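Have the model open while you read.

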Amino acid sequence: MADTRDEPLVLGIETSCDETGVGVVRGTTLLADAVASSVDEHARFGGVVPEVASRAHLEAMVPTIQRALKDAGVSAKDLDGIAVTAGPGLAGALLVGVSAAKAYAYALGKPLYGVNHLASHICVDQLEHGALPEPTMALLVSGGHSSLLLSTDITSDVRPLGATIDDAAGEAFDKIARVLNLGFPGGPVIDRYAREGDPAAIAFPRGLTGPRDAAYDFSFSGLKTSVARWIEAKRAAGEDVPVRDVAASFQEAVVDVLTRKAVRACKDEGVDHLMIGGGVAANTRLRALAQERCEKAGIRLRVPRPKLCTDNGAMVAALGAEMVARNRAASDLGLSADSSLPVTEPHVPGAHGAHAHDHDHVHEVSKDNLYS
Ligand code: KG4
Ligand code: ZN
């Protein structure tokens, strides 16, 4: 019989933004992925309202845990561990998940694993394509982050090669959708409109792609301004805005830069495969262009199915299971949520563990900067 360390049964809780996600995995096998989203409650504000998200998590937490266990057909007493997103994310939202995880871990006498949301977005691909190759090159693109990361072990070593110097890719999608009056969140709706538009209709700028620019950093704020100005000029002239062409041309500018830089990082680092994770990895055009460019460069592409790209609990369970399998120390019950947890810390041992990073420096957190 297999050692439970090879195939640990782990429940994962995700509450960093507006999705209450609870997943159950056995090793790298997905058993349940229950998600309750409060996105509709935020739509009329054009962005996620932290207090509304926290309250929605509180209401959805226990029913979502029960649903996940039922879907997985397992009993809580059989779990080998409980994993939870400890950060980064909205402080109040994270707190609900961390408190629930601690309560369940304590009541059931199970080990607790506080894990990093960003590393979870990478590790989730194990549920789709099996064990991650080591090292793995990852392009992480979400509402709060856009980074190129190199990892030799997803439980302990994640090295940032580059990141956005202003807006995250998902944030740019959300903002352009708002300018086009397409609602929130913007990614899925722009993706849909773009399918019927011409990506070459308007030549929008590609940020940080000059010969002297940082090879692996991204910038989307100039693009965002340029698209908004283009739309304003059309409106001022009393002309119709070709929404599908704008969506397609804007989207092309984003995914062109993302894929170009990711392929370059793989070549420079001698890594022959690329993983793409985070909400924006659900984008149809990003997936297609990445596939095309990776094939040309002899790089193997790994992208999870769209439902596993956006926030969910299964990704947290996947990283938790990897922590158990690799014998990482459990977090203590003093574990606290850390809204600015750096990507370099996949695992949070707890109150007495490594919290050495600079808390005075407040990092950008997922989706909470949408009011700007
Ligand atoms: O990873 P995620 O679910 O939450 C964060 O951790 O931020 O990512 C959410 C972001 C949003 O900005 C949303 O507009 C974007 O992912 N997104 C997409 C698509 N689906 C979600 N962006 C482009 N195309 C999509 N199909
Ligand atoms: Zn996310």
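A polar side-chain atom of Thr164 sits 3.1 Å from the backbone nitrogen of Asp166. This is a predicted model, by the way. The side chain of Thr164 also reaches the backbone oxygen of Phe218, at 3.4 Å. As for where we are in the fold, Thr164 is in the loop between strand E8 (157-163) and H6. Is Thr164 buried or exposed? Its relative accessible area is 16%, and buried means under 20%, so Thr164 counts as buried.

Now over to ligand 1. It has 22 residues around it, and the closest are Gly143, Asp174, Gly187, Asp191 and Gly279. Sorted by class, that shell holds 13 polar, 5 nonpolar and 4 charged residues.

| Residue | Part of the residue | Distance to an oxygen atom of ligand 1 |
|---|---|---|
| His117 | polar side-chain atom | 3.1 Å |
| Gly170 | polar backbone atom | 3.1 Å |
| Asp174 | side-chain N or O atom | 2.7 Å |

On its own, ligand 1 would expose 550 Å², and the protein buries 96% of that. Which elements give two or more residues to the shell around ligand 1? They are helix H4 (117-123), helix H6 (169-179) and helix H7 (186-194). H7 supplies the largest share of the shell, with 4 residues.

Conventions:
Residues numbered from 1 in each chain as written. Chains lettered and ligands numbered in written order. Predicted model: local features only at pLDDT ≥ 70, side-chain atom pairs only at ≥ 80, totals over all residues. Heavy atoms only, no water. Near = heavy atom within 4 Å. Polar contact = N/O pair within 3.5 Å; in protein donor to acceptor, adjacent residues only side chain to side chain. Areas by Shrake-Rupley, 256 points an atom, 1.4 Å probe, with all protein chains shown as cover. Nonpolar A, V, L, I, M, F, W, Y, C, P; charged D, E, K, R; others polar. Buried < 20%, exposed > 50% of the residue type's maximum accessible area, 1.4 Å probe, protein only.
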